[in-house]
Amino acid sequence: MAHLSRDTLRETVVDCILAVAPEADVDSLPPGRPWREALEIDSFDFLNILVDLEKRLGVSVPESDYHELATLDGLIDYLERRLTA
Amino acid sequence: MSEFRMPSLGADMESGTLVEWNIQPGDRVERGQIVCVVETQKGAIDVEVWETGTVERLVAEEGQKVPVGEVLAVILGEDKKAEGEKAEDKKAQGETAEGEKAQGEAAGQEAPAEHPTPEAPRAPDLSPPPTTAAPDVAAGERLRISPAARKRAAELDLDPAGVRGSGVGGSITLEDIERATRPAAEEQAAPSSRVVSTSDTHAAMRQAIAAAMARSKREIPHYYLGNTLCVEPAMAWLEAHNAERPVAERLIFPVLQLRAVALALEAVPELNGWYRDDAFQPAEGVHPGVAIALRGGGLVAPALHDADRLAPDAMMAALRDLLTRARQDRLRSSELTAAGLTVTNLGDLGVESVQGVIYPPQVALVGFGRIAERPWVRDGQVVAARCLHASLAADHRVTDGALGARFLTRLTDLLTEPERLWPT
(Lines give C-alpha, C1' and ligand atoms only; values in the text may rest on other atoms or scores of the structure.)
Protein backbone atom coordinates (compact mmCIF):
# COMPACT_ATOMS: atom_id res chain seq x y z
CA MET A 1 0.00 0.00 0.00
CA ALA A 2 1.42 3.33 -1.04
CA HIS A 3 1.83 5.89 1.65
CA LEU A 4 -1.36 7.85 2.14
CA SER A 5 -1.47 11.36 3.43
CA ARG A 6 -3.54 11.95 6.51
CA ASP A 7 -5.99 13.97 4.45
CA THR A 8 -6.46 11.15 1.98
CA LEU A 9 -6.91 8.75 4.84
CA ARG A 10 -9.52 10.97 6.40
CA GLU A 11 -11.29 11.25 3.06
CA THR A 12 -11.38 7.47 2.73
CA VAL A 13 -12.78 7.10 6.23
CA VAL A 14 -15.44 9.70 5.56
CA ASP A 15 -16.34 7.97 2.29
CA CYS A 16 -16.81 4.69 4.12
CA ILE A 17 -19.02 6.35 6.69
CA LEU A 18 -21.09 8.09 4.02
CA ALA A 19 -21.54 4.81 2.19
CA VAL A 20 -23.40 3.54 5.24
CA ALA A 21 -24.95 6.78 6.43
CA PRO A 22 -25.33 9.10 3.43
CA GLU A 23 -26.86 11.85 5.54
CA ALA A 24 -24.06 11.91 8.11
CA ASP A 25 -22.62 15.37 8.72
CA VAL A 26 -19.10 14.26 9.46
CA ASP A 27 -17.59 17.75 9.26
CA SER A 28 -19.59 19.07 12.16
CA LEU A 29 -18.61 16.24 14.49
CA PRO A 30 -17.22 17.71 17.69
CA PRO A 31 -13.59 16.58 17.83
CA GLY A 32 -12.82 14.06 20.52
CA ARG A 33 -16.44 12.95 20.82
CA PRO A 34 -17.50 9.36 20.06
CA TRP A 35 -18.45 9.47 16.40
CA ARG A 36 -20.63 6.36 16.27
CA GLU A 37 -23.25 7.66 18.66
CA ALA A 38 -23.21 11.12 17.13
CA LEU A 39 -23.74 9.73 13.63
CA GLU A 40 -26.11 6.97 14.79
CA ILE A 41 -23.88 4.20 13.55
CA ASP A 42 -25.03 0.92 15.07
CA SER A 43 -22.92 -2.20 15.41
CA PHE A 44 -24.04 -3.48 12.03
CA ASP A 45 -23.18 -0.19 10.30
CA PHE A 46 -19.86 -0.18 12.11
CA LEU A 47 -19.08 -3.68 10.86
CA ASN A 48 -19.92 -2.60 7.32
CA ILE A 49 -17.63 0.41 7.62
CA LEU A 50 -14.78 -1.82 8.78
CA VAL A 51 -15.41 -4.21 5.88
CA ASP A 52 -15.25 -1.27 3.50
CA LEU A 53 -12.08 0.10 5.08
CA GLU A 54 -10.48 -3.32 4.86
CA LYS A 55 -11.37 -3.49 1.17
CA ARG A 56 -9.97 -0.05 0.43
CA LEU A 57 -6.93 0.07 2.68
CA GLY A 58 -6.16 -3.56 3.34
CA VAL A 59 -6.25 -2.99 7.08
CA SER A 60 -8.18 -5.57 9.03
CA VAL A 61 -9.05 -4.29 12.47
CA PRO A 62 -9.14 -7.02 15.12
CA GLU A 63 -12.02 -6.76 17.51
CA SER A 64 -9.61 -6.28 20.40
CA ASP A 65 -8.60 -2.93 18.86
CA TYR A 66 -12.14 -1.58 18.54
CA HIS A 67 -11.68 0.59 21.62
CA GLU A 68 -9.05 2.61 19.75
CA LEU A 69 -11.61 3.62 17.16
CA ALA A 70 -13.94 5.51 19.47
CA THR A 71 -13.21 8.93 18.03
CA LEU A 72 -12.72 9.81 14.39
CA ASP A 73 -9.19 11.05 15.08
CA GLY A 74 -8.53 7.84 17.00
CA LEU A 75 -9.69 5.83 14.01
CA ILE A 76 -7.52 7.80 11.60
CA ASP A 77 -4.52 7.60 13.95
CA TYR A 78 -5.02 3.88 14.21
CA LEU A 79 -5.20 3.36 10.46
CA GLU A 80 -2.18 5.59 9.90
CA ARG A 81 -0.20 3.55 12.40
CA ARG A 82 -1.24 0.26 10.88
CA LEU A 83 -0.45 1.47 7.36
CA THR A 84 3.02 2.73 8.22
CA ALA A 85 3.94 -0.17 10.50
CA MET B 1 -58.70 -23.15 -6.34
CA SER B 2 -58.00 -20.54 -3.74
CA GLU B 3 -58.04 -16.84 -3.54
CA PHE B 4 -54.87 -14.97 -2.85
CA ARG B 5 -55.90 -11.89 -0.91
CA MET B 6 -54.41 -8.60 0.14
CA PRO B 7 -52.72 -9.50 3.43
CA SER B 8 -52.91 -7.39 6.52
CA LEU B 9 -49.34 -6.31 7.15
CA GLY B 10 -49.94 -4.50 10.38
CA ALA B 11 -52.65 -3.91 12.91
CA ASP B 12 -53.76 -0.67 11.32
CA MET B 13 -53.40 -1.44 7.67
CA GLU B 14 -56.64 -0.94 5.74
CA SER B 15 -55.46 -1.26 2.20
CA GLY B 16 -52.36 -1.48 0.07
CA THR B 17 -51.48 -0.46 -3.46
CA LEU B 18 -50.50 -3.27 -5.75
CA VAL B 19 -47.32 -1.96 -7.32
CA GLU B 20 -46.28 -4.88 -9.41
CA TRP B 21 -47.05 -8.49 -10.20
CA ASN B 22 -44.11 -10.87 -10.44
CA ILE B 23 -46.37 -13.57 -11.85
CA GLN B 24 -48.79 -14.01 -14.71
CA PRO B 25 -51.59 -16.44 -15.47
CA GLY B 26 -50.26 -19.92 -16.12
CA ASP B 27 -47.17 -19.47 -13.92
CA ARG B 28 -46.44 -22.09 -11.34
CA VAL B 29 -45.94 -20.59 -7.88
CA GLU B 30 -44.20 -22.13 -4.93
CA ARG B 31 -45.24 -21.72 -1.37
CA GLY B 32 -43.22 -18.83 0.07
CA GLN B 33 -42.55 -17.30 -3.33
CA ILE B 34 -42.72 -13.54 -3.67
CA VAL B 35 -45.53 -12.94 -6.13
CA CYS B 36 -46.17 -9.22 -5.94
CA VAL B 37 -45.05 -5.94 -4.45
CA VAL B 38 -47.49 -3.96 -2.35
CA GLU B 39 -46.95 -0.39 -1.24
CA THR B 40 -48.02 0.12 2.36
CA GLN B 41 -47.44 2.67 5.06
CA LYS B 42 -44.38 0.65 5.93
CA GLY B 43 -42.96 1.01 2.46
CA ALA B 44 -42.91 -1.43 -0.43
CA ILE B 45 -43.40 -4.99 0.73
CA ASP B 46 -42.63 -8.19 -1.17
CA VAL B 47 -45.73 -10.32 -0.67
CA GLU B 48 -45.42 -14.08 -0.51
CA VAL B 49 -47.95 -16.69 -1.48
CA TRP B 50 -48.68 -19.54 0.91
CA GLU B 51 -49.79 -22.14 -1.53
CA THR B 52 -48.06 -24.08 -4.23
CA GLY B 53 -50.04 -24.13 -7.43
CA THR B 54 -50.71 -22.49 -10.74
CA VAL B 55 -51.87 -18.93 -11.27
CA GLU B 56 -55.40 -19.07 -12.70
CA ARG B 57 -55.87 -15.35 -13.11
CA LEU B 58 -54.84 -12.00 -11.73
CA VAL B 59 -57.76 -10.07 -10.30
CA ALA B 60 -56.15 -6.85 -9.15
CA GLU B 61 -54.27 -4.62 -11.52
CA GLU B 62 -50.95 -2.92 -11.01
CA GLY B 63 -51.49 0.52 -9.55
CA GLN B 64 -54.78 -0.46 -7.94
CA LYS B 65 -55.47 0.26 -4.28
CA VAL B 66 -56.86 -2.91 -2.74
CA PRO B 67 -58.52 -3.22 0.68
CA VAL B 68 -57.13 -5.82 3.08
CA GLY B 69 -58.84 -9.17 2.51
CA GLU B 70 -59.84 -8.46 -1.09
CA VAL B 71 -58.89 -10.95 -3.76
CA LEU B 72 -55.67 -10.21 -5.64
CA ALA B 73 -55.43 -13.39 -7.69
CA VAL B 74 -56.86 -16.85 -8.05
CA ILE B 75 -54.51 -19.77 -7.68
CA LEU B 76 -55.17 -23.40 -8.54
CA GLY B 77 -53.69 -25.23 -5.59
CA GLU B 78 -51.67 -28.40 -5.78
CA ASP B 79 -51.01 -29.02 -2.21
CA LYS B 80 -54.20 -28.56 -0.28
CA LYS B 81 -52.70 -29.56 2.97
CA ALA B 82 -49.80 -27.17 2.95
CA GLU B 83 -48.57 -26.30 6.40
CA GLY B 84 -49.35 -22.63 6.10
CA GLU B 85 -53.00 -23.24 5.47
CA LYS B 86 -53.61 -24.25 9.00
CA ALA B 87 -55.67 -21.11 9.29
CA GLU B 88 -56.24 -20.28 12.87
CA ASP B 89 -58.59 -17.47 12.31
CA LYS B 90 -62.06 -18.87 12.47
CA LYS B 91 -63.52 -15.92 10.65
CA ALA B 92 -61.13 -16.35 7.80
CA GLN B 93 -61.91 -20.00 7.64
CA GLY B 94 -64.29 -20.05 4.72
CA GLU B 95 -64.43 -23.77 4.43
CA THR B 96 -62.68 -26.84 5.61
CA ALA B 97 -59.11 -25.75 5.20
CA GLU B 98 -57.95 -28.47 7.51
CA GLY B 99 -60.23 -31.11 6.07
CA GLU B 100 -58.79 -33.97 4.12
CA LYS B 101 -59.21 -32.62 0.61
CA ALA B 102 -61.87 -30.06 0.54
CA GLN B 103 -61.82 -29.12 -3.12
CA GLY B 104 -58.90 -26.87 -2.52
CA GLU B 105 -61.04 -24.04 -1.26
CA ALA B 106 -58.62 -23.52 1.57
CA ALA B 107 -59.02 -20.13 3.11
CA GLY B 108 -55.66 -20.06 4.79
CA GLN B 109 -54.72 -17.14 2.65
CA GLU B 110 -57.22 -14.84 4.18
CA ALA B 111 -56.24 -12.11 6.51
CA PRO B 112 -59.13 -9.86 7.41
CA ALA B 113 -58.33 -6.38 8.53
CA GLU B 114 -58.88 -6.81 12.21
CA HIS B 115 -57.22 -10.17 12.50
CA PRO B 116 -53.97 -10.33 10.69
CA THR B 117 -53.13 -14.00 10.78
CA PRO B 118 -49.43 -14.42 11.06
CA GLU B 119 -48.80 -16.84 8.31
CA ALA B 120 -45.17 -17.56 8.67
CA PRO B 121 -44.99 -21.26 9.26
CA ARG B 122 -42.27 -22.91 11.22
CA ALA B 123 -39.57 -24.10 8.94
CA PRO B 124 -39.02 -27.84 9.17
CA ASP B 125 -35.30 -27.54 9.71
CA LEU B 126 -32.47 -25.09 9.82
CA SER B 127 -32.62 -24.27 6.19
CA PRO B 128 -33.75 -20.74 5.43
CA PRO B 129 -37.46 -20.20 5.93
CA PRO B 130 -39.70 -20.60 2.91
CA THR B 131 -39.63 -16.88 2.44
CA THR B 132 -36.20 -17.15 0.94
CA ALA B 133 -37.01 -20.13 -1.20
CA ALA B 134 -38.09 -18.24 -4.26
CA PRO B 135 -36.70 -20.04 -7.25
CA ASP B 136 -34.12 -18.50 -9.48
CA VAL B 137 -35.10 -16.95 -12.73
CA ALA B 138 -35.47 -19.60 -15.38
CA ALA B 139 -34.98 -18.78 -19.01
CA GLY B 140 -38.04 -17.18 -20.50
CA GLU B 141 -39.50 -16.22 -17.16
CA ARG B 142 -40.37 -12.69 -16.38
CA LEU B 143 -37.43 -10.61 -15.29
CA ARG B 144 -37.16 -10.32 -11.52
CA ILE B 145 -36.57 -6.68 -10.80
CA SER B 146 -37.62 -4.34 -8.05
CA PRO B 147 -39.98 -1.51 -8.97
CA ALA B 148 -37.41 1.11 -7.98
CA ALA B 149 -34.82 -0.60 -10.15
CA ARG B 150 -37.22 -0.83 -13.09
CA LYS B 151 -38.05 2.85 -12.79
CA ARG B 152 -34.39 3.85 -12.57
CA ALA B 153 -33.50 1.64 -15.53
CA ALA B 154 -36.21 3.35 -17.56
CA GLU B 155 -34.88 6.76 -16.54
CA LEU B 156 -31.40 5.74 -17.61
CA ASP B 157 -32.67 4.07 -20.75
CA LEU B 158 -30.90 0.92 -19.67
CA ASP B 159 -32.07 -2.57 -20.56
CA PRO B 160 -32.36 -4.34 -17.21
CA ALA B 161 -32.19 -7.75 -18.90
CA GLY B 162 -28.46 -7.26 -19.25
CA VAL B 163 -27.93 -6.52 -15.57
CA ARG B 164 -26.91 -9.19 -13.13
CA GLY B 165 -29.24 -9.26 -10.13
CA SER B 166 -27.83 -9.48 -6.62
CA GLY B 167 -31.16 -9.47 -4.80
CA VAL B 168 -33.26 -12.31 -3.49
CA GLY B 169 -33.58 -15.08 -6.05
CA GLY B 170 -31.35 -13.14 -8.41
CA SER B 171 -33.71 -10.21 -8.65
CA ILE B 172 -32.28 -6.94 -9.85
CA THR B 173 -32.07 -4.23 -7.23
CA LEU B 174 -31.76 -0.50 -7.57
CA GLU B 175 -28.15 -0.86 -6.54
CA ASP B 176 -27.52 -3.28 -9.39
CA ILE B 177 -28.88 -0.76 -11.86
CA GLU B 178 -26.80 2.05 -10.40
CA ARG B 179 -23.75 -0.17 -10.47
CA ALA B 180 -24.36 -1.10 -14.09
CA THR B 181 -24.18 2.55 -15.06
CA ARG B 182 -20.89 3.19 -13.32
CA PRO B 183 -17.44 2.46 -14.61
CA ALA B 184 -15.93 -0.32 -12.53
CA ALA B 185 -13.33 1.95 -10.96
CA GLU B 186 -15.94 4.20 -9.47
CA GLU B 187 -17.84 1.39 -7.96
CA GLN B 188 -16.04 1.25 -4.67
CA ALA B 189 -16.22 4.92 -4.02
CA ALA B 190 -19.91 5.23 -4.68
CA PRO B 191 -22.20 5.15 -1.70
CA SER B 192 -24.33 2.06 -1.34
CA SER B 193 -27.88 2.67 -2.28
CA ARG B 194 -30.10 3.16 0.64
CA VAL B 195 -33.29 4.07 -1.03
CA VAL B 196 -34.22 7.47 0.20
CA SER B 197 -37.93 7.53 0.76
CA THR B 198 -40.03 10.43 -0.21
CA SER B 199 -41.53 12.69 2.38
CA ASP B 200 -44.91 11.16 1.61
CA THR B 201 -43.66 7.74 2.56
CA HIS B 202 -42.28 9.18 5.76
CA ALA B 203 -45.52 10.87 6.60
CA ALA B 204 -47.41 7.64 5.99
CA MET B 205 -45.01 5.66 8.13
CA ARG B 206 -45.22 8.28 10.86
CA GLN B 207 -48.99 7.93 10.79
CA ALA B 208 -48.79 4.14 11.00
CA ILE B 209 -46.45 4.33 13.97
CA ALA B 210 -48.66 6.93 15.63
CA ALA B 211 -51.74 4.76 15.22
CA ALA B 212 -50.07 1.62 16.50
CA MET B 213 -48.43 3.29 19.47
CA ALA B 214 -51.56 5.22 20.45
CA ARG B 215 -53.50 1.99 20.35
CA SER B 216 -50.83 0.32 22.44
CA LYS B 217 -50.95 2.93 25.16
CA ARG B 218 -54.74 3.09 25.02
CA GLU B 219 -55.37 -0.64 25.20
CA ILE B 220 -52.39 -2.41 26.67
CA PRO B 221 -51.81 -2.23 30.43
CA HIS B 222 -48.02 -2.34 30.32
CA TYR B 223 -45.86 -3.46 33.20
CA TYR B 224 -42.11 -2.97 33.15
CA LEU B 225 -39.21 -4.95 34.55
CA GLY B 226 -35.50 -4.35 34.25
CA ASN B 227 -32.18 -5.93 35.04
CA THR B 228 -28.58 -4.77 34.84
CA LEU B 229 -26.26 -7.57 33.92
CA CYS B 230 -22.54 -8.00 33.46
CA VAL B 231 -21.64 -8.88 29.89
CA GLU B 232 -17.92 -9.51 30.35
CA PRO B 233 -18.32 -13.27 29.73
CA ALA B 234 -20.54 -12.63 26.70
CA MET B 235 -18.09 -10.08 25.30
CA ALA B 236 -15.24 -12.53 25.86
CA TRP B 237 -17.24 -15.22 24.04
CA LEU B 238 -17.86 -12.84 21.16
CA GLU B 239 -14.26 -11.67 20.99
CA ALA B 240 -13.03 -15.27 20.99
CA HIS B 241 -15.50 -16.20 18.28
CA ASN B 242 -14.47 -13.23 16.16
CA ALA B 243 -10.75 -13.30 16.90
CA GLU B 244 -9.54 -15.21 13.86
CA ARG B 245 -12.21 -14.04 11.48
CA PRO B 246 -12.12 -11.45 8.76
CA VAL B 247 -14.31 -8.47 9.57
CA ALA B 248 -17.03 -9.53 7.15
CA GLU B 249 -17.54 -12.83 8.95
CA ARG B 250 -17.75 -11.51 12.47
CA LEU B 251 -20.78 -11.63 14.70
CA ILE B 252 -22.20 -8.55 16.34
CA PHE B 253 -23.52 -8.46 19.88
CA PRO B 254 -27.19 -8.21 18.88
CA VAL B 255 -26.91 -11.79 17.59
CA LEU B 256 -26.30 -12.91 21.17
CA GLN B 257 -29.12 -10.73 22.46
CA LEU B 258 -31.60 -12.09 19.94
CA ARG B 259 -30.51 -15.64 20.63
CA ALA B 260 -30.95 -15.14 24.37
CA VAL B 261 -34.41 -13.65 23.82
CA ALA B 262 -35.35 -16.58 21.57
CA LEU B 263 -34.28 -19.18 24.12
CA ALA B 264 -35.92 -17.31 27.00
CA LEU B 265 -39.13 -17.22 24.96
CA GLU B 266 -39.02 -20.98 24.62
CA ALA B 267 -39.00 -21.14 28.39
CA VAL B 268 -41.79 -18.55 28.74
CA PRO B 269 -43.96 -18.88 25.62
CA GLU B 270 -46.66 -16.70 27.18
CA LEU B 271 -44.68 -13.67 26.03
CA ASN B 272 -44.52 -14.82 22.42
CA GLY B 273 -47.80 -14.18 20.62
CA TRP B 274 -50.71 -11.84 20.13
CA TYR B 275 -53.64 -10.56 22.14
CA ARG B 276 -56.77 -10.76 19.99
CA ASP B 277 -60.46 -11.03 20.72
CA ASP B 278 -59.80 -10.80 24.45
CA ALA B 279 -57.51 -13.78 24.44
CA PHE B 280 -53.88 -14.65 24.08
CA GLN B 281 -52.93 -16.45 20.92
CA PRO B 282 -49.46 -18.01 21.05
CA ALA B 283 -47.12 -17.55 18.10
CA GLU B 284 -46.01 -20.55 16.15
CA GLY B 285 -42.28 -20.66 16.30
CA VAL B 286 -39.86 -18.09 17.66
CA HIS B 287 -39.58 -15.17 15.28
CA PRO B 288 -38.68 -12.07 17.30
CA GLY B 289 -39.24 -8.73 15.64
CA VAL B 290 -36.09 -6.65 15.32
CA ALA B 291 -36.72 -2.94 15.68
CA ILE B 292 -34.73 -1.16 12.99
CA ALA B 293 -34.50 2.61 12.86
CA LEU B 294 -34.49 3.85 9.29
CA ARG B 295 -32.14 6.61 8.29
CA GLY B 296 -34.19 9.64 7.56
CA GLY B 297 -36.73 8.65 10.16
CA GLY B 298 -39.20 5.92 10.87
CA LEU B 299 -39.01 2.44 12.20
CA VAL B 300 -39.72 -1.08 11.08
CA ALA B 301 -39.63 -4.26 13.15
CA PRO B 302 -39.47 -7.26 10.83
CA ALA B 303 -39.33 -10.78 12.21
CA LEU B 304 -36.12 -12.78 12.34
CA HIS B 305 -37.44 -16.21 11.46
CA ASP B 306 -36.60 -19.19 13.66
CA ALA B 307 -34.20 -17.31 15.89
CA ASP B 308 -34.24 -20.27 18.29
CA ARG B 309 -32.85 -22.65 15.70
CA LEU B 310 -30.09 -20.78 13.98
CA ALA B 311 -26.42 -21.44 14.61
CA PRO B 312 -24.35 -18.28 15.28
CA ASP B 313 -23.18 -17.68 11.72
CA ALA B 314 -26.54 -18.51 10.21
CA MET B 315 -28.16 -16.09 12.61
CA MET B 316 -25.71 -13.34 11.70
CA ALA B 317 -26.40 -14.00 8.01
CA ALA B 318 -30.15 -13.85 8.60
CA LEU B 319 -29.82 -10.65 10.61
CA ARG B 320 -27.56 -9.07 8.00
CA ASP B 321 -30.06 -9.94 5.30
CA LEU B 322 -32.94 -8.52 7.33
CA LEU B 323 -31.15 -5.27 8.21
CA THR B 324 -30.01 -4.76 4.66
CA ARG B 325 -33.42 -5.34 3.16
CA ALA B 326 -35.17 -3.24 5.80
CA ARG B 327 -32.98 -0.31 4.83
CA GLN B 328 -33.55 -0.90 1.15
CA ASP B 329 -37.30 -1.02 1.63
CA ARG B 330 -37.44 -4.67 0.58
CA LEU B 331 -39.14 -6.49 3.44
CA ARG B 332 -41.43 -9.48 2.94
CA SER B 333 -45.00 -9.86 4.04
CA SER B 334 -44.30 -12.77 6.40
CA GLU B 335 -41.70 -10.68 8.18
CA LEU B 336 -44.30 -8.07 9.06
CA THR B 337 -46.75 -10.51 10.58
CA ALA B 338 -44.75 -13.32 12.17
CA ALA B 339 -43.28 -11.63 15.24
CA GLY B 340 -44.91 -12.34 18.58
CA LEU B 341 -42.53 -10.03 20.45
CA THR B 342 -40.17 -7.25 19.43
CA VAL B 343 -36.61 -6.56 20.51
CA THR B 344 -35.29 -3.02 20.45
CA ASN B 345 -31.67 -2.14 20.99
CA LEU B 346 -31.03 1.54 21.56
CA GLY B 347 -27.65 1.02 23.10
CA ASP B 348 -25.80 2.06 19.99
CA LEU B 349 -27.44 5.44 20.29
CA GLY B 350 -25.99 5.84 23.74
CA VAL B 351 -28.95 5.32 26.03
CA GLU B 352 -28.67 3.30 29.17
CA SER B 353 -32.10 1.72 29.26
CA VAL B 354 -35.36 1.42 27.37
CA GLN B 355 -38.91 1.31 28.69
CA GLY B 356 -40.58 0.04 25.59
CA VAL B 357 -44.02 0.44 24.07
CA ILE B 358 -45.49 -2.88 22.97
CA TYR B 359 -46.32 -3.20 19.29
CA PRO B 360 -49.95 -4.39 19.18
CA PRO B 361 -51.22 -7.05 18.99
CA GLN B 362 -47.94 -8.37 20.37
CA VAL B 363 -47.75 -8.87 24.11
CA ALA B 364 -44.21 -7.94 25.02
CA LEU B 365 -41.16 -5.95 24.05
CA VAL B 366 -37.57 -6.42 25.15
CA GLY B 367 -35.29 -3.39 25.29
CA PHE B 368 -31.52 -3.24 25.50
CA GLY B 369 -29.44 -0.24 26.46
CA ARG B 370 -25.79 0.35 25.83
CA ILE B 371 -22.86 -1.72 26.92
CA ALA B 372 -20.71 0.41 29.18
CA GLU B 373 -18.24 -0.04 32.00
CA ARG B 374 -19.79 0.19 35.44
CA PRO B 375 -18.72 -0.62 38.97
CA TRP B 376 -19.62 -4.26 39.50
CA VAL B 377 -19.19 -6.40 42.57
CA ARG B 378 -17.36 -9.64 41.96
CA ASP B 379 -16.23 -11.87 44.80
CA GLY B 380 -16.75 -9.07 47.26
CA GLN B 381 -14.64 -6.63 45.25
CA VAL B 382 -15.80 -3.67 43.26
CA VAL B 383 -14.40 -3.99 39.76
CA ALA B 384 -14.96 -2.18 36.47
CA ALA B 385 -17.03 -4.39 34.20
CA ARG B 386 -18.95 -3.95 30.99
CA CYS B 387 -22.63 -4.01 31.83
CA LEU B 388 -25.95 -3.86 30.00
CA HIS B 389 -29.48 -3.01 31.03
CA ALA B 390 -32.18 -5.33 29.72
CA SER B 391 -35.83 -4.47 30.10
CA LEU B 392 -39.16 -6.09 29.51
CA ALA B 393 -42.43 -4.32 28.80
CA ALA B 394 -45.28 -6.82 28.90
CA ASP B 395 -49.05 -6.89 28.59
CA HIS B 396 -50.62 -7.35 32.02
CA ARG B 397 -53.76 -8.79 30.47
CA VAL B 398 -51.75 -11.82 29.41
CA THR B 399 -49.00 -12.21 31.99
CA ASP B 400 -48.17 -11.07 35.49
CA GLY B 401 -44.94 -9.76 36.88
CA ALA B 402 -43.92 -13.17 38.15
CA LEU B 403 -43.91 -14.63 34.66
CA GLY B 404 -42.20 -11.56 33.26
CA ALA B 405 -39.57 -11.92 35.98
CA ARG B 406 -39.04 -15.56 35.03
CA PHE B 407 -38.41 -14.49 31.45
CA LEU B 408 -36.05 -11.68 32.36
CA THR B 409 -34.11 -13.87 34.79
CA ARG B 410 -33.75 -16.51 32.13
CA LEU B 411 -32.61 -13.88 29.63
CA THR B 412 -30.11 -12.54 32.15
CA ASP B 413 -28.74 -16.01 32.85
CA LEU B 414 -28.29 -16.72 29.15
CA LEU B 415 -26.46 -13.48 28.48
CA THR B 416 -24.36 -13.90 31.61
CA GLU B 417 -23.36 -17.46 30.77
CA PRO B 418 -22.92 -17.31 27.00
CA GLU B 419 -21.87 -20.95 26.69
CA ARG B 420 -25.54 -21.74 27.28
CA LEU B 421 -26.60 -19.83 24.19
CA TRP B 422 -25.50 -22.52 21.75
CA PRO B 423 -24.94 -25.57 23.90
CA THR B 424 -22.99 -28.28 22.13
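Leaving aside neighbours within four places in sequence, which residues is B:Ala364 in contact with? With contact meaning C-beta atoms, placed from the backbone, within 7 Å, the partners of B:Ala364 are B:Leu271, B:Leu341, B:Ile358, B:Leu392, B:Ala393, B:Ala394 and B:Asp395. This is a predicted model, in which local features need pLDDT of at least 70 and side-chain atom pairs count only at pLDDT 80 or more, while totals for chains, interfaces and linings use all residues. Residues are numbered from 1 along each chain as its sequence is written, with chains lettered from A and ligands numbered from 1 in the order in which they are written.

**Chain B overall**
- Chain B has 9 helices and 19 strands, taken as DSSP runs numbered from the N terminus (helices H or I, at least four residues; strands E, at least two).
- Of its 424 residues, 46% count as buried, that is, with 20 or more other C-beta atoms within 10 Å of their own, all placed from the backbone.
- Among contacts in chain B with a separation of 6 or more, 65% join residues 24 or more positions apart.

**Helix H6 and the cores**
- In H6(B), 12 of the 15 residues are buried, so this helix is largely enclosed by the rest of the structure.
- Those buried residues include B:Gln257 and B:Arg259.
- The largest nonpolar core has 108 residues, and B:Leu258, B:Val261, B:Ala264, B:Ala364 and B:Leu411 touch the most other members; a core is a set of buried Ala, Val, Leu, Ile, Met, Phe, Trp, Tyr and Cys residues joined through C-beta atoms within 7 Å.
- H6(B) gives this core its largest share, 9 residues.
- Another core, of 5 residues, lies apart from it, with B:Ile145, B:Ala153, B:Ile172 and B:Leu174 among them.

**Where chain B meets chain A**
- Here 21 residues of chain B are in contact with 22 residues of chain A.
- On the chain B side, helix H5 (232-242) and helix H6 (253-267) are the elements that give two or more residues.

**An open sheet**
- Four strands of chain B form an open sheet in the order E1-E8-E6-E3, with antiparallel pairing; strands pair if DSSP finds at least two bridges between them.
- Its edge strands are E1 (2-5) and E3 (28-29) of chain B, each pairing on one side only.
- E3(B) pairs with E6 (residues 53-58) of chain B over 2 bridges, and B:Val29 has B:Gly53 as its bridge partner in E6(B).

Conventions:
Contact = placed C-beta atoms within 7 Å.
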